[in-house]
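Hello,

Here is the structure you asked to take over. My notes follow below it.

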Amino acid sequence: MTGRPAPQSSRERQETTMRPVDSLVFEAVSHCGNWVCRAVRQWERIAGVNVQNRLRVGVVGLGFAGRTALEAFSELPDVEVVALAGLEKGTLTSLGEKHDVPHLYERWEDLLETDGLEAVSIGTPTQLHAPIALKALEKGLHVLCEKPLARTVAEGTAMVEASKKAGRVLNVVFNHRERGDVAVLKHQIDEGLLGRVYYAKAHWMRRNGIPGMGGWFTNRELSGGGPLIDLGVHILDLALHLLNEPKVNTVSANTFAELGPRGRGSAVPNANTLGSAFEVEDLATAYLRLDGGGALQLETSWATYRAPGDNFGIELFGTEGGAKIEVQNYSNVDTLRIFTDVGGVPAEVKPATGAGLGHRAVVQEFVKIVQSGDWAAHNGSEALVRTEVIDACYASAKAGREVVLNG
Ligand SMILES: NC(=O)c1ccc[n+]([C@@H]2O[C@H](COP(=O)([O-])OP(=O)(O)OC[C@H]3O[C@@H](n4cnc5c(N)ncnc54)[C@H](O)[C@@H]3O)[C@@H](O)[C@H]2O)c1
C-alpha cells in the first residue's frame, strides 16, 4: 500500500482539460444531486428510515474508472454505495466522505466480505478483473466490470462461465456506445437508412497519449496489451454494436512499438507507479472479415507522429447511404454526418445529437437489470466476443498472418 495520491493518467488529464460546456453543466448538476443524495442518506440513517430495497453496491478502484462509477452509482436513489476499495489512502478517505460510504478498504478481498453486499463494480488494472469477478460471482454478487473484460480469452471465458454458474449478472462498461451520436446513428441503421453496411473503418488515434508511462498500462502482464486492448476494444465494440453483431471470421493485424520503448509519446511521464518499462505496442492496425461478406478495419494508437489530439470515430459505407462519426478530444458537438442522395444529388445531413449519458447510462442499465431479476442473458458473452477478436489480432500480429476465429 502506498500513501501517495492517485497518479493522474493522460486520459484523465485530457478528460479534465478538454471538456465541452454541456458536460461541465452536467457535472455541476450532478454535484448538487450528489450533495442532496448524501444529505438524504444521512437524514435517513438518523431517522432510521428503511433502506432495505436499495441495491447495495461496492466499488473497487479510485482512478478515473472507479471514480466515474462511484459518481454514477451515488446519484441513483435506489442504490446505496456501501463499500469502496483502493490503494490510495488519501483518495479513499476523501471519496468515502464525499459520498458517505460507510465501509472503506484498501484491499478488494476485504470489500467482498462486506455484510449485505449485492453487487460490485470493478475499476482496477486489467489483471485484477478476472480474480475479483470470479470471487464476487462465487459469492453470489452481480458484477459490473470495466472494459476490457479481461486480458485473455481464457480469463474472459472463466468469467462468463462463472456468471452462468452463479446465475448472476456480469456486464462490461462500453460507455462510448452510450454517446448521443452513436445512439442516433444506430437508430438510422436499424431503420435501414444506410441499407446494407458492407464496409466500416474505425479508429482511435492519439498524438501523445500513452497512459501512465512505466505504470500498469504499459506492463504487458498487468494490462494484457497496449492501445489495441485499451482503446481498440472500444472502437471494436462501437463497430460490432452498430453493425448488429456480425460474426468475425478472420483477422489480419500488425502491431508496432516505435515511440513508447524510446520514452516518447507520453503526456504524463509517471515514474512513480508499479510496473516496468514500455512492454506493449503503441500502434495497431487490423483488417477483419465479417460473416455475410462485410469488412471492418481498425486503427488505434496511443502515440504516433500525426496531428495533435486524442481522436476516435467510425465510418460506415452502406448500399443506400454512408455515415461518419468523428470525435476530436472527446467533443460531443457536430460529430455525426450522414451521406445520402437527395433527388439523385449527393447530400450530407448533420443530425443534432446530444452528449448521451456514457458511463451513467451503463451504470443505470446495470442497476435496472439487477433489479429486474431477469439476469440470464447478461453473462458477459458479448464482451467475450470482443476479447476473442483482440486476442486473435495479437496472435495474427505475432504470427505475421491471417488468423481464423472459431465458432
Ligand atoms: N470505460 C472507460 O472509458 C475507461 C476509462 C479509463 C479506464 N478504464 C478501465 O478501467 C480500469 C482502471 O483504469 P483506471 O484508468 O481507472 O486505472 P487507475 O490506475 O487510475 O486506477 C486503478 C485503481 O485500482 C486500484 N487497485 C489496484 N490494485 C488494487 C487492489 N489490490 N485492491 C484494491 N484496489 C486496487 C488502485 O488503487 C487504483 O485506485 C482499466 O481496466 C481500464 O481499462 C475504462
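Helix α12 covers residues 381-399, and its 19 residues should span 27 Å at 1.5 Å a residue; the end C-alpha atoms lie 26 Å apart, so the two values agree. This is a predicted model. Most of α12 is covered, with 14 of its 19 residues buried. Just after the helix, G400 has a positive phi of about 70 degrees.

The ligand has 26 residues around it, and L62, G63, A65, L87 and E146 come nearest. By class, this shell holds 11 nonpolar, 9 polar and 6 charged residues. Helix α3 (residues 64-74) contributes the most to it, with 3 residues.

Most residues other than glycine have a negative phi, and most peptide bonds are trans. The following depart from that.

- K147 and P148 are joined by a cis peptide bond, with omega at about -15 degrees. P148 sits in the loop between β5 (142-146) and α7 (153-166).
- D100, which is not a glycine, has a positive phi of about 55 degrees. The loop between α4 (89-98) and β3 (103-105) holds D100. D100 has 17 other C-beta atoms within 10 Å, so it is partly exposed.
- E245 is also not a glycine, and its phi is positive, near 55 degrees. E245 belongs to the loop between α10 (227-242) and β8 (248-256). E245 counts as exposed because it has 11 C-beta neighbours inside 10 Å, and the cut-off for exposed is 12 or fewer.

Regards

Key: Residues are numbered from 1 along each chain as its sequence is written. This is a predicted model: local features need pLDDT of at least 70, side-chain atom pairs count only at pLDDT 80 or more; totals for chains, interfaces and linings use all residues. Helices (H or I, at least four residues) and strands (E, at least two) are DSSP runs, numbered from the N terminus. The expected span of a helix is 1.5 Å times one less than its number of residues. A residue is buried if 20 or more other C-beta atoms lie within 10 Å of its own, exposed if 12 or fewer, and partly exposed in between; C-beta atoms are placed from the backbone. A residue is near a molecule or strand if its C-beta atom, placed from the backbone, lies within 6 Å of it. Ala, Val, Leu, Ile, Met, Phe, Trp, Tyr, Cys and Pro count as nonpolar, Asp, Glu, Lys and Arg as charged, and the others, Gly among them, as polar.
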